[in-house]
Amino acid sequence: MIKTRFLRSFDESFRGLPPREAASAESVVSRLIDYFSGRTRPPGLGLRKLKGRYWEIRASLDLRILFLLEEDTATFVIVGNHDAIRRRLRARH
């Protein structure tokens with residue numbers, strides 16, 4: 001079973017979402033956690049490897065969730081559009 005962590009940056013970006021986008025992001029994170037718990041990969045997540053151990057999933061056409069995948073932990077970093085994800089990745093490298 002994989003552990004999950006949510007960084008302050010994720011919490012802050014999540015709180016800034018409109019209700020519909022927040023619900024979509026919450027649903028996608030829940031489906032990803034289920035997948036990590038040994039269930040089959042759900043369609044429509046748009047799971048994609050980025051740089052290093054960073055991955056993203058798609059919450060909507062414009063909304064992405066960036067997370068760091070380590071051995072036994074998925075750390076959710078930020079939720080935002082493509083530009084927000086790119087800025088965060090550049091700040092880390």
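The model is predicted: local features need pLDDT of at least 70, side-chain atom pairs count only at pLDDT 80 or more, and totals for chains, interfaces and linings use all residues. Residues are numbered from 1 along each chain as its sequence is written, and side-chain values use heavy atoms, with hydrogens and water left out.

**The sheet**

Begin by displaying the strands. Helices (H or I, at least four residues) and strands (E, at least two) are DSSP runs, numbered from the N terminus. Five strands make up an open sheet with mixed pairing, and their order is S1-S5-S4-S3-S2. Two strands pair if DSSP finds at least two bridges between them. At the edges are S1 and S2, each of which pairs on one side only.

Next, select S3 and S4. These strands run antiparallel and are joined by five bridges. Arg58 has Arg64, in S4, as its bridge partner.

Now move to Phe6, which is found in strand S1 (residues 3–6). Phe6 counts as partly exposed because its relative accessibility is 36%. Apart from neighbours within four places in sequence, Phe6 is in contact (heavy atoms within 4.5 Å) with Asp11, Val29 and Phe76. Select Val77 as well: Phe6 and Val77 are 71 residues apart in sequence, yet their C-alpha atoms are 6.6 Å apart in space.

**Helices on the sheet**

Select helix H1 (residues 8–15), where Ser9, Phe10 and Ser13 are buried. Viewed down the axis of H1, the buried residues fall within an arc of 100°, so they line one face of the helix. This arc is that of the directions from the helix axis to the C-beta atoms. Arg8 and Arg15 are exposed on the other side of H1.

H1 lies across S1, S4 and S5, and runs at about 35° to S5. Helix H2 (residues 19–36) also packs on the sheet, where it touches S1, S3, S4 and S5, and its direction makes about 30° with that of S4. For these angles, axes are lines fitted to C-alpha atoms, for helices over the stretch in contact, and angles run from 0 to 180 degrees between N-to-C directions.

**Salt bridges**

A salt bridge is a side-chain nitrogen of Lys or Arg within 4 Å of a carboxyl oxygen of Asp or Glu. How many salt bridges are there by this rule? The count is five.

Select Arg64 and Glu56, whose side chains meet in a salt bridge (3.8 Å, N to O). Arg64 counts as buried at 10% relative accessibility, and Glu56 counts as buried at 6%. Arg48, Glu56 and Arg64 are linked in a network of salt bridges.

Turn to Glu70 and Arg53, which form a salt bridge at 3.6 Å, N to O. This pair links distant parts of the chain, 17 residues apart: Glu70 is in the loop between strand S4 (64–69) and strand S5 (73–80), and Arg53 is in the loop between strand S2 (48–49) and strand S3 (54–58).

Finally, select Asp83 and Arg86, a salt bridge in which the closest N and O atoms are 2.5 Å apart. Asp83 and Arg86 are separated by about one helical turn because they are three residues apart in helix H3.

Methods
Buried < 20%, exposed > 50% of the residue type's maximum accessible area, 1.4 Å probe, protein only.
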